[in-house]
Amino acid sequence: HDCAPGRYADQEGQRDCSPCSTGTYFDGIGAKNASQCGDCDSGKYAPTAGLLCMPCPPGTFCPDTGMSSYKICDLGRYSKFPLQTSCKSCPPGHYQNVTGQAFCRPCKLGTYSTISGANSSALCQECPAGTYGDKKGMGTCTACPSSQYQPSTGESRCLKCTDIDEFKTNNMDHTGCIENE
């Protein structure tokens, strides 16, 4: 008799079909030997003998063919979709402090990070005085625009010099206001 997909019979008259080993699969019917069981493609794995190759789930990766289990993404790395053969580094402005994740966490408002693959929120630094961070996940802070200033670090907006005095403007590094000459 013909064996079901994922199984083979290598002896004449064999009643029970043998399962393809973990990490392999045969998707036709009637396999005659174990060599017809092919390795799972990279991006997939077969954890159970005789069953289908399955996509590696988000937060994991399967870099090789014939894998019987997936690998977990490290700290500072992620895989957003199934079937991945590698994990990506978190982009600047983001971090991931837990393994096996499908996303990276953004640095909060008023902070930034220039580092790829950051593995802790501690790598998100406060925006320096004279700059601001008005979005989550910023790789750099934005300089305060003309006639605005920010004396503090870690802020999400700038202040207007004209709110102090209509004749004031920003100093050179946008950390305070001076007389407009």
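Predicted model: local features only at pLDDT ≥ 70, side-chain atom pairs only at ≥ 80, totals over all residues.

The conversation below takes up disulfides, salt bridges, a nonpolar core and some individual residues.

Q: Let us start with the cysteines. How many disulfides are there?
A: The count comes to 10 disulfides. A disulfide is a covalent bond between the sulfur atoms of two cysteines.

Q: Which residue does Cys127 pair with in a disulfide?
A: Cys127 is joined to Cys141, with an S to S distance of 2.0 Å. The torsion about this S-S bond is about -85°, so the disulfide is left-handed.

Q: Where do Cys127 and Cys141 lie?
A: Cys127 is in the loop between β14 (125-126) and β15 (131-132), while Cys141 is in the loop between β15 and β16 (142-143).

Q: Is Cys141 buried or exposed?
A: Cys141 is buried, because its relative accessible area of 17% falls under the 20% limit. Cys127 is buried as well, at 0% relative accessibility.

Q: What about Cys73, which residue is its disulfide partner?
A: Its partner is Cys87, and their sulfur atoms are 2.0 Å apart. This pair links distant parts of the chain: Cys73 sits in the loop between β8 (71-72) and β9 (77-78), and Cys87 in the loop between β9 and β10 (88-89), 14 residues apart. The link is left-handed, with -80° about the S-S bond. Cys73 is buried at 0% relative accessibility, and Cys87 is buried with a relative accessible area of 6%.

Q: And how far apart are the sulfur atoms of Cys56 and Cys62?
A: In the disulfide of Cys56 and Cys62, the sulfur atoms are 1.5 Å apart. The torsion about the bond is about -85°, so this disulfide is left-handed. Cys56 is buried with a relative accessible area of 0%, and Cys62 is buried with 0% too.

Q: A change of topic: how many salt bridges are there?
A: The count is two salt bridges. In one of them, Glu179 pairs with Lys168, and the closest N and O atoms are 3.1 Å apart. That pair links distant parts of the chain, since Glu179 belongs to strand β20 (residues 177-179) and Lys168 to strand β19 (residues 168-170), 11 residues apart. Glu179 is partly exposed, with a relative accessible area of 43%.

Q: Which residue forms a salt bridge with Lys135?
A: Lys135 forms a salt bridge with Asp134, and the closest N and O atoms are 3.6 Å apart. Lys135 counts as exposed, because its relative accessibility of 51% is over 50%. Asp134, at 38%, counts as partly exposed.

Q: Now the inside. Which residues make up the largest nonpolar core?
A: It has five residues: Tyr8, Cys20, Phe26, Ala31 and Cys37. In soluble globular proteins, nonpolar side chains tend to be buried together.

Q: What does Tyr8 touch beyond its sequence neighbours?
A: Leaving aside residues within four places in sequence, Tyr8 has contacts that include Cys20, Ala31, Ala34 and Cys37. Ala34 is 26 residues from Tyr8 in sequence, and their C-alpha atoms are 6.5 Å apart. Ala34 lies in the loop between β3 (24-25) and β4 (38-39) and is partly exposed at 40% relative accessibility.

Q: Lastly, where is Gln148 found?
A: Gln148 is in strand β17 (residues 148-149). Gln148 is buried, with a relative accessible area of 18%. Not counting residues up to four places away, Gln148 touches Cys158, Leu159, Lys160, Cys161, Asn170 and His174.

Key
Residues numbered from 1 in each chain as written. Heavy atoms only, no water. Helix = DSSP H or I, 4+ residues; strand = E, 2+ residues; numbered from the N terminus. Buried < 20%, exposed > 50% of the residue type's maximum accessible area, 1.4 Å probe, protein only. Salt bridge = Lys/Arg side-chain N within 4 Å of Asp/Glu carboxyl O. Core = buried A, V, L, I, M, F, W, Y, C linked by side-chain atoms within 4.5 Å. Contact = heavy atoms within 4.5 Å. Disulfide = S-S within 2.5 Å.
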